[in-house]
Amino acid sequence: MVLHPMGLAPTEIDTQTKILQAAQRLFAKHGYGGTTTRDLAQAAGVAEGTLFRHFESKKAILVEVASQGWVELLTELLTELSAMASYKAIGQVMRRRMLNLSKNTDMMRVCFMEAQFHPELREQIQTDVVAKMIDVAEAFFQTAMEHGIYRPMNPRVVARIFLGMFMVAGFSQATLGDEQMTPKTMQELAEGLADIFLNGVLLAKEVAC
């Protein structure tokens, strides 16, 4: 789940990975404010001073956990979109991504719950994740419209709606504590999102003469 920075020795990468993984678990369970650097060090199996050799502050660890998690999650989604044989297969992509959301629950809980309290986290996610993902998705939908697959609309608006649906679905699973989210209900949610995105919710009616 954690992306590794370049230019670090293998042992340093391993240590940083352990810290980020421990932080993700603890922040999701206890919240940022309820987790001390001592807690982080113990969970990662390192000395407390080691944390600050890799990160300048606990806040920096929070930002890294959330931003890297979303980069990976949304990159996987858009990589699948770009590799689709048919633009109509977007429903299948949505289903696969939604069914894999459970492995990202900790990261999303951290992101959604802590971003409201930490402007640095919001800015990082907006700049390094959301804006770039919207740009990529916009290009994807623009091409689909030019090929006559989707009806002409503002592709940036469509991109925002698509990514918003995906992210809100992840929010509901990560933060609402829905114990009924079985694999079957997750699949139904994914199919519903794909259907609504592609077809809307209005019942098709014959045009009156």
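Residues are classed as buried under 20% relative accessible area, exposed over 50% and partly exposed in between, with a 1.4 Å probe and protein chains only. The model is predicted, so that local features need pLDDT of at least 70 and side-chain atom pairs count only at pLDDT 80 or more, while totals for chains, interfaces and linings use all residues. Residues are numbered from 1 along each chain as its sequence is written, and side-chain values use heavy atoms, with hydrogens and water left out.

Helix α2 spans residues 37-44; helices are DSSP runs of H or I of at least four residues, strands are E runs of at least two, and both are numbered from the N terminus. Its buried residues are Thr37, Leu40, Ala41 and Ala44. These lie on the same side of α2 because they cover an arc of only 95° around the axis, the arc being that of the directions from the helix axis to the C-beta atoms. The face turned away from this buried side carries the exposed residues Arg38 and Gln42. Gly45, with a positive phi near 75°, follows α2.

An unreviewed UniProt entry places the feature "DNA-binding region" at residues 36-55; such annotations may be inferred rather than shown by experiment. This span is 75% helix and 0% strand, and its end C-alpha atoms lie 14 Å apart.
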